[in-house]
Amino acid sequence: MLIPLAIPIWDTIYGALSTMMQPIYWAVSGILVLFHSLWTPVFGKDSGATWALAIISMTVLIRTLLIPLFVKQINSARNMQLLQPKIQALQKKHGSDRQKLGEEQMKLYKEEGVNPAASCVPLLIQMPILLSLFRVLQGVADKTPRGHFFKTNPDLSASLRNAELFGAGLSDRIPNGFPPIGPTQIMGVLLVIAMVTTLFITQLQLMRKNMPPEALTGPLAQQQKMMLYIFPIMYLFSGAVIPIGVLIYWLTTNLWTMVQQGLLIRNNPAPNTPAFVDWEERMRAKGKDPAEVMAAKQAKRRRTKAAKTTSRPVAGAASPGSPSEVEDTDEAKPTVSRQQVTRSTVRTVDGKSVVTRQQPRSTSRATRKKK
């Protein structure tokens, strides 16, 4: 009885998601076709190398645009790990009061300037792109093109559908024609192994090089260790049903992440970590004082933050350069004293609390001016 009701609901949800994805299909197909046209004079219009390089170029462009978010992601994850000792202290203090513990944790995050959700933002942005690329290549393989530039150019859809790189079809998947084992299966397995390896190295270098020893204990650290092995296993299973072209995109973004994170850890390591010790040794080898370099970085960071913050004078406070700051004389502008409101709580017979407000007798504004 529920099946006939569930089908229209699912169709509605699917239609809404499809509508939301159309702009991303348009962008992905447009960028892919653009880079295909740039590589066509080198390898030819129908070459698999042309389409593979177009996918790689699109990945590099997207990851370049995501660099600011990636830096925030790494810094947020690092700051969350550095806060683990304080969070554990709060858990011991307010372990029995979940509401109080949550309030104190949010207060701690606000004081330290840490956003627990910031580390998920780049991943959430990449997922629609990965999904749209998967759907675009799937549409090409199934002869149901998605994206404006493939819908309006059937010859490009046919070119991508028939493109091969070292004998492996870019729109094919590992199970296609299996068995026997062919170029598509070999290429797919090699790409999946490379994806798993780069992901494992990326997570491992973050945990071993850019986390202090005390941050490697606690629930969050245990979750990080579990993810170190769970994500590669997920890659192994999901890679088998993903087109070769998407695997190329996935491997390229993993390589980018690994190199980018390595450079960030090397040049801006977290304090009290193995990477920070190595950074101090490199600074001393260059004849620089690590403490002075860190102080200069912090001062620059504070100046940048202050420049981005728009300061507005608070009502009743003197702004820089105002007469009240330059001199304090009797000729200063008169101020108005505001009437205070006194609140008292009384209990009724029913045991309910009723707040009564007692306010001084109202006087005119002219009377309350201080001269």
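Predicted model: local features only at pLDDT ≥ 70, side-chain atom pairs only at ≥ 80, totals over all residues.
Lys143 is exposed, with a relative accessible area of 63%. Lys143 sits in the loop that joins α6 (121-141) to α7 (148-151). Its backbone also deserves attention: Lys143 is not a glycine, yet its phi is positive, at about 60 degrees. Most residues other than glycine have a negative phi.

Phe166 belongs to the loop between β1 (164-165) and β2 (168-169). Is Phe166 buried or exposed? Its relative accessibility is 73%, and the cut-off for the exposed class is over 50%, so Phe166 counts as exposed.

From these loops the reader may turn to the chain as a whole. It contains 14 helices and four strands. Of its 371 residues, 33% count as buried. The accessible surface of the chain amounts to about 23,800 Å², and carbon and sulfur atoms contribute 62% of that area. The contacts within the chain can be described by separation in sequence. Among those with a separation of 6 or more, 63% are between residues 24 or more positions apart.

Helix α9 covers residues 183-209 and helix α11 covers residues 244-267; their axes come within 9 Å and cross at roughly 20 degrees. Angles under 35 degrees count as roughly parallel, and therefore α9 is described as roughly parallel to α11. The crossing of α9 past α11 is left-handed. Which classes of residue make up the contact of α9 with α11? It has 16 nonpolar residues, together with nine polar and one charged.

Which residues are in contact with Gln203, once its neighbours within four places in sequence are left aside? They are Met227, Leu228, Phe231 and Pro232.

Taken together, these residues illustrate both ends of the accessibility scale.

Notes
Residues numbered from 1 in each chain as written. Heavy atoms only, no water. Axes fitted to C-alpha atoms, helices over the stretch in contact; angles between N-to-C directions. Helix = DSSP H or I, 4+ residues; strand = E, 2+ residues; numbered from the N terminus. Parallel < 35°, antiparallel > 145°, perpendicular 65-115°, else oblique. Left-handed = near helix turned anticlockwise from the far one by under 90°. Nonpolar A, V, L, I, M, F, W, Y, C, P; charged D, E, K, R; others polar. Buried < 20%, exposed > 50% of the residue type's maximum accessible area, 1.4 Å probe, protein only. Contact = heavy atoms within 4.5 Å. Areas by Shrake-Rupley, 256 points an atom, 1.4 Å probe, with all protein chains shown as cover.
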